[in-house]
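Thanks, everyone. Please bring up the model on the screen, and I'll talk you through it.

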Amino acid sequence: MMNDLVVRGGTVVDAAGARQADVLVRGGAIAAVEPELAVDGAEVVDAGGAYVVPGGVDVHTHFALPVGSVTSADDFESGTLAAACGGTTCVVDFAGAGREPWQEALATWHDRARGRAVVDYGFHLTVTELPSRPEAAAERFAGFAEHGVTSVKLYLAYPERLMVDDATLGRALTASRRTGVRVCVHAEDGAAVETLTTEALAAGRTGPEAVSSVRPPAVEAEAIHRAATLAGAAGARLYVVHLSSEAGLQAVRAARAAGVDIHAETCPHYLYLDQSHLEAGEQDFVCAPPLRGAADREALWGALSAGDVEVVATDHCPFTTQDRRRGTGGAGWADFTQIPGGLSGVETRLSLVYQGVVSGRLSLERWVDATSGAPARLFGLDGAKGAIRPGLDADLVVFDPGATRRLDASSLHSRCDHSPYEGRVVTGWPALTLSRGEVVAVDGEPADPRPGRGRFVRRSPLAR
């Protein structure tokens, strides 16, 4: 049994606002949130006036993801350790690497996480096909929910491995309405991307500098429009992952204005990085959707502040420089289509988004909601995570607003050998991370993290 613990002298911040309060932790859960708590025999953590916030919830990671001959750099041990050091205490990873049966994908991902995860985790399932009968499709979605998985992802890109047609997406949205399993989409128009890719290669444009032109903002906007139209027809909710562009944002807003129940996330790299890295031919900055321009970054920051983009997740899927060079075929990439894509972010997300508070773009409450509260609510975790109130898991972060950290690979805990934010110094970093009342990181460094202590979290379907 763990001793009682009181986090004292901090400013508690969550969706309920910012207030001076102490937090009592008992048996791994939050037992009380009140000013000046005094509990006999309790261990005391002095927050020293820092912020006490709910542990971050990152609903978009890809740990140990095989992409052809290479695998993303972080597995569930290193990835969740990095998450803990950066103040994230729950991740939701995408189970499925292609067109394998969903039972196989789920079993594989459980095997990858079990005995390795440092903090708690859940899964989305990647869906590439569904039964043609609506009743059978709904039964399949209900089966996902019975396994504690209440969200799926469908790709509108990558026809060779993952892309679904409109009929499949329509069946998924209808099944979602009937079962409460949330549908997420990777929104890029795959047919348009393929056409533009063929044209680029024929013109001899084979390096990373071509990626922006073959995946322009218009293909994101078109895919969002198409998916939202289907969601509206089905009366279903839709979630757009890794929104990257002003054009895509306008498509989300237009769908919302038309009455579609649509939600969106963006990622730190779309808020901070730009396409100049690709234009310079830097393979380590390849991702999909690609990095954009300054106007896109400004539009996304504005939408995040306004709540039009509710969530910041990471799409954490880095590859080592050597694996990038090897390419998906393993013998070296011949053109940009063979460069495995994805950037790191699971450790740096909380602080990077906090820079919006430092700059005056975001309120404290909006920062916490985007990184913890909203993802917990949207993905059926709000009965356990995402807020500081009695009965929830004691996933807590004492966040020191005066701490600084340089975001070099050498100071971070990913197994990736480079950081997309190399040289950047941030203000504000976790001084202490608690996962279900246990200390897992201190001052951004591991503290007896014990791989395997992280638990699979069964999530609830959406209310219908």
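Let's start at one side chain. Arg177 touches Ala234, Gly235, Ala236 and Arg464, leaving aside residues up to four places away in sequence. Keep in mind that this is a predicted model. Where does Arg177 sit? It is found in helix α4. One distance for orientation. From the C-alpha of Arg177 to that of Leu434 is 36 Å, and the two residues lie 257 apart along the chain.

Helix α4 covers residues 166–179, and it packs with helix α7, residues 217–234. The angle is about 45°, and the axes are 9 Å apart. Roughly parallel would need an angle under 35 degrees, so α4 is oblique to α7. The crossing of α4 past α7 is right-handed. Which residues of α4 make the contact? They are Asp166, Leu169, Gly170, Leu173, Thr174 and Arg177. From α7 come Arg226, Ala227, Leu230, Ala231 and Ala234. So our Arg177 belongs to this contact, and Ala234 does too. By class, the contact between α4 and α7 holds six nonpolar, two polar and three charged residues.

Helix α13 is residues 349–358, and helix α14 is residues 364–378. Their axes come within 9 Å and cross at roughly 155°. Anything over 145 counts as roughly antiparallel, and therefore α13 and α14 are roughly antiparallel to each other. Their crossing is right-handed. On the α13 side, the contact uses Arg349, Leu350, Val353, Tyr354 and Val357. On the α14 side, it uses Leu364, Trp367, Ala370 and Thr371. The classes in the contact of α13 with α14 are seven nonpolar, one polar and one charged.

On to the sheet. How many strands form it, and in what order? Eight strands make an open sheet, ordered β6-β9-β10-β11-β12-β13-β14-β15, with parallel pairing. The edges are β6, residues 56–61, and β15, residues 311–312; each of these pairs on one side only. Helix α2, residues 102–113, packs on this sheet. It touches β9 (88–95) and β10 (120–126), and its direction makes about 155° with that of β10.

Two pairings from within the sheet. Strand β11, residues 151–155, pairs with β12, residues 182–186, in the parallel sense over five bridges. There, Val152 stands opposite Val183 of β12. Further along, β13, residues 237–240, pairs with β14 in the parallel sense, over four bridges. Arg237 has Asp261 in β14 as its bridge partner. How covered is β14? Mostly: this strand spans residues 261–266, and five of its six residues are buried.

Last stop, the antiparallel pairings. Strand β5, residues 51–54, joins β16, residues 396–406, through four bridges, and the two run antiparallel. Tyr51 has Phe399 in β16 as its bridge partner. Strand β16 also joins β17, residues 425–435, again antiparallel, this time through eight bridges. In that pairing, Asp400 is bridged to Trp429 of β17.

That's my tour. Over to you for discussion.

Key:
Residues numbered from 1 in each chain as written. Predicted model: local features only at pLDDT ≥ 70, side-chain atom pairs only at ≥ 80, totals over all residues. Heavy atoms only, no water. Pairing = 2+ DSSP bridges. Contact = heavy atoms within 4.5 Å. Axes fitted to C-alpha atoms, helices over the stretch in contact; angles between N-to-C directions. Parallel < 35°, antiparallel > 145°, perpendicular 65-115°, else oblique. Left-handed = near helix turned anticlockwise from the far one by under 90°. Nonpolar A, V, L, I, M, F, W, Y, C, P; charged D, E, K, R; others polar. Buried < 20%, exposed > 50% of the residue type's maximum accessible area, 1.4 Å probe, protein only.
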